[in-house]
Amino acid sequence: MKILKNFLKLVLPLTVLLLTIAGCSTNKSNVKTAQINQIVKSGDSLQENGYYVFEDGNLDVSLSFSPFLNPNKSPSDTEYDAKIDNEIKQINKEFPKAKLTKKEFDNKFVKSLKNVTFSVEKKDKKVLIKGNDINKEFQMSDSNDNRLIDDLGTEYELVYTE
């Protein structure tokens, strides 16, 4: 009986602590469904269109790229190469397991991911999408929480349900 009592004294507080930590974890979605659609192209990016669709831990991502910043003028080779390098760097940062190379870069990047968390942090004015295969952060606009901006200045619209 004494062994059981000592065991409970040790295990019960440890169990309560672990459950408390798990409950406070930020790796939990506070969103049930969400859709993020690109609405304004950034001059610093070749990304022409992008969307993120989240539902119950699953995320579909589709990004399309265009080499022409100005359709009436072809980019120089060095300008184009620098833009491609920047896009590859950005994709590999946001999708760490992608390991995309210049040879593999295409005008479309499509991923379907599982076990993803999606959280809207109104206090910090951020939207976070995290998982083993993705780490993406958007900043909310100062004037509208449903308007998002990524770190390249591309703007998106957010629609979600909690």
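**The sheet and its labels**

Nine strands make up an open sheet, ordered E4-E3-E2-E1-E9-E8-E7-E6-E5, with antiparallel pairing. The edge strands are E4 (108-113) and E5 (117-121), each of which pairs on one side only, and neighbouring strands of this sheet are turned by 20 degrees against each other on average, direction ignored. This is a predicted model, in which local features need pLDDT of at least 70 and side-chain atom pairs count only at pLDDT 80 or more, while totals for chains, interfaces and linings use all residues. Residues are numbered from 1 along each chain as its sequence is written, and side-chain values use heavy atoms, with hydrogens and water left out.

Q: What makes up the chain, and in which order do its elements run?
A: The chain holds two helices and nine strands, and from the N terminus on the elements run α-β-β-β-α-β-β-β-β-β-β. Helices (H or I, at least four residues) and strands (E, at least two) are DSSP runs, numbered from the N terminus.

Q: Which pairing does E1 make with strand E9 (residues 155-161), and over how many bridges?
A: E1 and E9 pair in the antiparallel sense over seven bridges, with Gln38 opposite Tyr156 in E9.

Q: What makes E3 and E4 a pair?
A: Six bridges in the antiparallel sense connect E3 and E4, and Leu59 stands opposite Leu113 in E4.

Q: Why is Ser62 called buried?
A: Buried means under 20% relative accessible area, exposed over 50%, and partly exposed in between (1.4 Å probe, protein chains only); Ser62 has 7% relative accessibility and therefore counts as buried. Ser62 is found in strand E3 (residues 58-65).

Q: Why does Ser64 count as buried?
A: The relative accessibility of Ser64 is 18%, so Ser64 counts as buried. Ser64 also lies in strand E3.

Q: Which residues does Ser62 touch, leaving out those up to four places away in sequence?
A: Ser62 touches Asn49, Gly50, Tyr51, Lys108, Phe109 and Val110, where contact means heavy atoms within 4.5 Å. Ser64, with its neighbours within four places in sequence left aside, is in contact with residues including Leu46, Glu48 and Asn107.

Q: What makes the link between the side chains of Ser62 and Lys108 a polar contact?
A: The term covers a pair of N or O atoms within 3.5 Å; within protein, one must be able to donate a hydrogen and the other to accept it, and residues adjacent in sequence count only if both atoms are side-chain atoms. The side chains of Ser62 and Lys108 are joined by such a contact of 3.3 Å.

Q: Why is Lys99 called exposed, and what is its phi?
A: Lys99 has 60% relative accessibility and therefore counts as exposed. Lys99 has a positive phi of about 45 degrees although it is not a glycine, and Lys99 is found in the loop between helix H2 (77-94) and E4. Most residues other than glycine have a negative phi.

Q: Why does Asn115 count as exposed?
A: At 67% relative accessibility, Asn115 is classed as exposed. Asn115 lies in the loop between E4 and E5, with a positive phi of about 55 degrees although it is not a glycine.

Technical notes. Pairing = 2+ DSSP bridges. Axes fitted to C-alpha atoms, helices over the stretch in contact; angles between N-to-C directions.
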